[in-house]
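Please keep the sequence and the structure in view while going through them.

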Amino acid sequence: MVGNKSGDVKYVTYMVNVLEHASISKGLQDQTVSLGATVHFTCDVRGNPAPNCTWFHNAQPIHPSARHLTAGNGLKISGVTVEDAGMYQCVADNGIGFMQSTGRLEIENGRLLGHASHKNFYFPGGLLLWSKMKLFLLKENNPSTIQERCSFSMFLASDR
């Protein structure tokens with residue numbers, strides 16, 4: 001309430017908007033599924049303004065398709081194939097700050113197994129995601145590598 005010498009009273013209303021950096025309250029969980037299955041990854045995010053989620057597979061951005069659907073803070077992969085094995089990352093960014101969570105998807109179908117490792121490098125204003133994926137074929141309890149890939153992506157806080 002504000003008054004002046006003439007006795008006029010005016011009311012002023014202020015709106016306070018508290019900014020909060022992006023955070024993840026529940027991150028991705030490692031999962032093992034059979035070929036052809038459907039898998040769901042969920043990344044519970046918070047922040048003000050509300051964060052956007054960007055999804056990565058083996059450090060490469062996921063482009064939504066009929067088999068790879070993103071909705072809200074979730075990722076659904078239908079008809080899982082061997083190529084789907086590896087590291088999945090959700091990066092939450094709201095322009096105030098960002099955070100990431102990682103989960104591994106392993107494919108198990110009899111003797112075919114997938115394994116992935118990752119490393120994240122944080123630097124002022126960004127994040128470098130690095131992944132290495134190996135697929136093994138087990139023959140007479142002897143693992144042999146049938147495919148190996150390395151990849152990386154750079155994520156800058158200013159990119160949206």
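1. A residue is called buried when its relative accessible area is under 20%, exposed when it is over 50%, and partly exposed in between. By this rule Cys90, with a relative accessibility of 0%, is buried. The model under discussion is a predicted one.

2. As to the chain overall, it contains 15 strands and zero helices. The chain has 160 residues, and 34% of them count as buried. Its accessible surface amounts to about 9700 Å², and carbon and sulfur atoms account for 53% of that area.

3. Contacts across the sequence also deserve attention.

4. How many disulfides does a search of the whole structure find? The search finds zero. A disulfide is a covalent bond between the sulfur atoms of two cysteines. For Cys53, the closest cysteine sulfur belongs to Cys90 and lies 3.6 Å away, which is too far for a bond, because the cut-off for a disulfide is 2.5 Å. Cys53 itself is partly exposed, its relative accessible area being 21%, while Cys90 is buried.

5. Asn94 sits in the loop that runs between β11 (86–93) and β12 (98–109). Is this residue buried or exposed? Asn94 counts as buried, at 4% relative accessibility. A polar atom of the Asn94 side chain lies 2.8 Å from the backbone oxygen of Glu20. The backbone nitrogen of Ala22 is 3.4 Å from a polar atom of the Asn94 side chain.

Technical notes
Residues numbered from 1 in each chain as written. Predicted model: local features only at pLDDT ≥ 70, side-chain atom pairs only at ≥ 80, totals over all residues. Heavy atoms only, no water. Helix = DSSP H or I, 4+ residues; strand = E, 2+ residues; numbered from the N terminus. Buried < 20%, exposed > 50% of the residue type's maximum accessible area, 1.4 Å probe, protein only. Areas by Shrake-Rupley, 256 points an atom, 1.4 Å probe, with all protein chains shown as cover. Polar contact = N/O pair within 3.5 Å; in protein donor to acceptor, adjacent residues only side chain to side chain.
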